[in-house]
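Welcome! Take a look at the structure below, then read on for a short tour of some of its charged pairs and their surroundings.

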Amino acid sequence: MLDQLILFVASLAANFFSALSGGGAGLIQFPMLIFLGLPFGVALATHKVASVALGLGATLRHLKESHLERRFSLIILGAGLPGVVLGALMILQIPERIATLALGVLTLGLGLYSVFKPRLGMDHTPRNRQGAALIGGMAGLFVVGFLNGSITSGTGLFLTLWLIRWFGLDYTRAVAYTLILCGLVWNGTGALILGVIGTVAWDWMPALLAGSILGGYLGSHLAIKKGNLWIKRAFEIVTILIGLKLILS
């Protein structure tokens, strides 16, 4: 019961901040599973399955706002899902430390980039939706999908910033796309693959799922109420903390 309580509280906190900033649940949840005794591969598969519930909780809140465009959603899914599948198939063969260090440097860079771009994500100015610019954006989505399928800590943050920087979304809309499409569909695909080729600690799942759904809903609710500047600051704090944690771990 004590382990289940720890799992629930940690999952609630991780997914609350993830839903608020557009990613980063793995900062707390994934290392916690390893700390509590799961091997790396089992913790990876278990976290990926639990992270689908974050997408579910966020979806329940964000769908009320109707921020998602159908065509753009299909572009994100079509370009990103092949990368998710490839990343999930390869992750168990990649040296853990190399992958973690690289991700830490990239994630820290995201946060610092946002800090030094005061207007980044403040305005919704859609762009690069046609022709060569769209193809370039889809290539970026494939790379982000690969990272999402292979490394779990904070990769939703990459999608959030890519949607803002390349496609011109504001933070509120970018986070909505990330939490619903990445959190629910991308993570669901990765969870399915890792569940087949790996091992999931199913007896740990009830507390993780409850914390993920509740944290996802509450974090999304606060993000919608507070708006772009609040989400931007949460994004910067979470990315910098994740980057430092991954580099120094």
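## A bridge across the chain

E69 is partly exposed because its relative accessibility is 37% (buried means under 20% relative accessible area, exposed over 50%, partly exposed in between, using a 1.4 Å probe and protein chains only). Its side chain meets that of R129 in a salt bridge, 3.5 Å from N to O (a side-chain nitrogen of Lys or Arg within 4 Å of a carboxyl oxygen of Asp or Glu). This pair links distant parts of the chain, 60 residues apart: E69 lies in the loop between α3 (40–62) and α4, and R129 in the loop between α5 (96–115) and α6 (131–150). R129 counts as buried, at 14% relative accessibility.

## About the model

This is a predicted model, where local features need pLDDT of at least 70, side-chain atom pairs count only at pLDDT 80 or more, and totals for chains, interfaces and linings use all residues. Residues are numbered from 1 along each chain as its sequence is written, and side-chain values use heavy atoms, leaving out hydrogens and water.

## Other salt bridges

How many salt bridges does a search of the whole structure find? The search finds 5. Among them, R119 pairs with D123, with the closest N and O atoms 2.8 Å apart. R119 is exposed at 53%, while D123 is partly exposed at 41%.

R173 and D170 form another salt bridge, at 3.0 Å between the closest N and O atoms. Here R173 is partly exposed at 26%, whereas D170 is buried at 6%.

Definitions and conventions:
Helix = DSSP H or I, 4+ residues; strand = E, 2+ residues; numbered from the N terminus.
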